[in-house]
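Reader: I am new to this structure and would be grateful for a close look at a single part of it.

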Amino acid sequence: MNISELQITKFRHLNDIKIKLGDRLTAIAGQNGTGKSTVLGLLGHVCKEKSKARTFDGKLFETEYSEIFKFSFPDFDKPKEHLYEVSFTNGISTQVSSYARKEKSKKETLRLRVGQSTKEGGKIDFPVIFLGLKRLIPLAQERKVDSQVHSLTQGELDFYTKAHNEILLLYDNISSEEVKSTSKHFLAAKSDKYDAIGNSAGQDNIGQIITSILSFQRLKNQLGDNYNGGILLIDELDASMFPAAQQKLIEFLFKHSSKLDLQIVFTTHSIEILEILLTTKYKHQSQVCYFHKAEGPVKKAESSNLAEIIADLKAEVLIEKTKDTKIDIYIEDKEADQFLRALLTPDLKKKINLIKETFGAEQLLQLANKRIPAFKKSVIVLDGDKQPKVSKPNPPNVIVLPGNDSPEKIMFRFLQSLDESHPIFKGLGGYTKTVCFRDLKEISDREKMKDWWKKQVPYWGVNGRTLINYWKLENKAEVEKFNKLIKKKIETAYNKMYK
């Protein structure tokens, strides 16, 4: 049995939101203040393992919403203003709503009623463990920490050791000790060099996750055929872990969620984890629910588009979202126009508007250095021979063409280097090397070079593209580097335009 979906009708700033859960992994992502942790509380509150089995730390397999969030009652949260429904794959669904409760000698409080008001509270028989932010408090900062010899079987110890080292990419010869503090009870790593107090924050975090998996393994062994899976809720899954460890953790969780018929739902800000879930083999049994406030109220993204999610997490504008707005590219002259168009990748050409023959190179550099507002949202492309002038003070929106010279001189030298049998030359009665250099034998002043280009370019393909493509083949690395650099400049211009 699994939870298939959560339908939130109204709950604070979450309204009319449907969340489909993955069979194995579900990531709840979004910027701070979008209600990610609240979702974990809503899911966990409806579940309870009714055989009274215990987790590794001696607790019941259940959680209350109050472990995750508190009501602001009576100032902001009111009775009947909270309503949601959780549906399971076996056809069971249960509604949850808020109500005011007054107990003898106590203040009136706001509570959540699951299903019908019964002795069992209407909760669904489905084991749950919640790992909250308290687990991220380093043991060294706990007021009281007790450790003892672990209560693991040899098989469980081997499992813990292997998982710990594989996830964190460590090769330590470790054992384990059982640790109890004011906020947590879990298995910590111990070696001949350090004990639990010496664990890193990442080791501490991983130890608690592995301990939870061991709890579900024990539950499955205890219940046998009566075991119907469960759900593990983790707030801030990626906290204190570097990207490679995050990837290994996802591999570990996916593997054991499958073995234990376990749904794992977690909150995260990790782009690496979201990319893994959306683009790898895990995507078919995983879901990413992304909350955003792009239009004011919190909403769930219609689809899990990785590029859009990354842009929102970074608070940047996604270029694809502004594809109808083109960035102005200022260039020196027509030769630069033809050269640049042949160099750019097709997707970049769609994003730009080339403006030529308006300013000279010196004027463009002056405007860039003076930080003229209109030019901050554009990109200035100068000929390669201007590289020394843009190195200092290095205006952020200026880039030079590859080749370290003007397009005319670059093509002049390139044609000189070619053999008469090169495909650009057509042989007897056609365009030949002799024709190419008949009127200009060597590189000359700017005006003569521009005149030479104008006369020769009709023989080089449309706008000189055939010849320039041959040059590109011999200068692949330089051209690729230029495209990467100008792409960044265009992205920066978009961000400034929509800042």
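Which residue of β14 does Thr-26 stand opposite?

Author: Thr-26 stands opposite Val-265 in β14. The model is a predicted one, in which local features need pLDDT of at least 70, side-chain atom pairs count only at pLDDT 80 or more, and totals for chains, interfaces and linings use all residues. Residues are numbered from 1 along each chain as its sequence is written, and side-chain values use heavy atoms, with hydrogens and water left out.

Strands β3 (residues 25–30) and β14 (residues 262–268) run parallel and are joined by five bridges; strands count as paired if DSSP finds at least two bridges between them. Both belong to an open sheet of six strands with mixed pairing, in the order β9-β13-β14-β3-β15-β16. At its edges lie β9 (128–131) and β16 (299–300), each of which pairs on one side only. Helices (H or I, at least four residues) and strands (E, at least two) are DSSP runs, numbered from the N terminus.

Two helices pack on this sheet. Helix α1 (residues 36–45) touches β3, β9, β13 (230–234), β14 and β15 (286–292), a contact being heavy atoms within 4.5 Å. The direction of α1 makes about 155° with that of β14; axes are lines fitted to C-alpha atoms, for helices over the stretch in contact, and angles run from 0 to 180 degrees between N-to-C directions. Helix α3 (residues 201–223) touches β9, β13 and β14, and its direction makes about 175° with that of β9.

In the protein chain as a whole there are 16 helices and 20 strands.
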